[in-house]
Amino acid sequence: IGVTFTFLFAIGVLLVSQFAGQVDLDLDCVLYGEILYAPFDRIVLGGSDLGARSAWIMGGVTLANLVFILVGWKQLKLCAFDPALAASVGIRVVLWHYLLMAFVSMTTVSAFESVGVILVVGMLIVPPNTAYLLTDRLWLMHVLAVGFGVASAVGGYLLATALNGSIAGAMATVSGLFYALAALFGPRHGVISKYVAHRNLDP
């Protein structure tokens with residue numbers, strides 16, 4: 001996901017900058033997004049302000065993802081790690097694969113408008129990889145990934161406020177810092193942890 005999406009996205013940016021120079025398209029908005037503007041796009045029904053449209057959309061997507069994971073936890077786990085076993089016990093592997101891809105696509109596209117491409121890609125890839133460096137238990141990996149995502153969002157907002165900079169860029173930066181710390185100090189996969197373990201094994 002990281003290599004393919006980034007490569008194709010970079011090609012898209014080049015094409016837009018080369019052949020759509022006269023189009024009123026704000027590349028900064030597309031790339032970085034602007035979370036501060038999201039609350040201004042409201043849903044109004046019958047004269048009643050129901051709140052920010054992005055909050056309703058992402059809230060609905062979050063709920064749909066949660067239901068999908070809870071309902072299909074066993075099927076998703078088997079299809080991801082042992083598709084042959086999943087097929088042998090009657091699970092429709094291809095169906096669950098495309099359901100997972102559909103939910104990933106729905107979440108990604110829904111988030112583009114509010115936060116921009118960079119933050120979507122960063123949050124899609126970095127927190128799960130950070131969690132992967134810290135544990136081999138799947139359920140704990142999910143919990144840690146969500147936790148790192150939330151911590152990156154909060155920490156990034158505070159950093160952007162302090163520096164008066166891009167909120168999405170700050171959130172992606174904090175997420176990258178968490179990953180760097182996990183890569184260095186992770187209990188099993190961390191570079192420093194492995195070095196210390198090897199030194200302790202040497203006579």
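Guide: A helix here is a DSSP run of H or I at least four residues long, numbered from the N terminus. The model is a predicted one, and just after helix α7 in it, Asn164 takes a positive phi of about 55 degrees.

Visitor: What makes up the buried side of the account for α7, and which helices does it pack against?

Guide: The buried residues of α7 are Leu138, Met141, Ala145, Phe148, Gly149, Ser152, Gly156 and Ala160, and they pack against α3, α6 and α8. An α-helix has 3.6 residues a turn, so residues three or four places apart point the same way.

Visitor: Why is Leu134 called partly exposed?

Guide: Buried means under 20% relative accessible area and exposed means over 50%; Leu134 has a relative accessible area of 29%, so it is partly exposed. Leu134 is found in the loop between α6 and α7, and, not counting residues up to four places away in sequence, it touches Leu144, Phe148, Ala182, Gly186 and Pro187. Leu134 and Gly190 are 56 residues apart in sequence, whereas their C-alpha atoms are 8.3 Å apart in space.

Visitor: What makes a set of residues a nonpolar core, and which residues form the largest one?

Guide: The members must be buried residues of nonpolar type, joined through side-chain atoms within 4.5 Å. The largest such core has nine residues, namely Ala111, Val115, Leu119, Val120, Ala160, Ile167, Ala168, Ala170 and Met171. Two or more residues come from each of α5, α6 and α8, and α8 gives the most, with four. Leaving aside neighbours within four places in sequence, Ala170 is in contact with Gly156, Leu159 and Ala160. Apart from this core lies another, of seven residues, among them Phe68, Leu76, Ala86 and Ile91.

Visitor: Why is the group that includes Leu181 and Tyr195 called a nonpolar surface patch?

Guide: A residue of such a patch must have over 30% relative accessible area and no salt bridge, and nonpolar side chains are joined within 5 Å. Leu181, Leu184, Phe185, Val191, Ile192, Tyr195 and Val196 make a patch of about 650 Å² on these terms. Helices α8 and α9 each supply at least two of its residues; α9 gives the most, with four, while Phe185 is found in α8.

Definitions and conventions. Residues are numbered from 1 along each chain as its sequence is written. This is a predicted model: local features need pLDDT of at least 70, side-chain atom pairs count only at pLDDT 80 or more; totals for chains, interfaces and linings use all residues. Side-chain values use heavy atoms; hydrogens and water are left out. Buried means under 20% relative accessible area, exposed over 50%, partly exposed in between (1.4 Å probe, protein chains only). Contact means heavy atoms within 4.5 Å. Patches are made of residues with over 30% relative accessible area and no salt bridge: like charges are joined within 9 Å, nonpolar side chains (Val, Leu, Ile, Met, Phe, Trp, Tyr) within 5 Å. Accessible areas come from the Shrake-Rupley method with a 1.4 Å probe; for residues, only the protein chains shown count as cover. A salt bridge is a side-chain nitrogen of Lys or Arg within 4 Å of a carboxyl oxygen of Asp or Glu.
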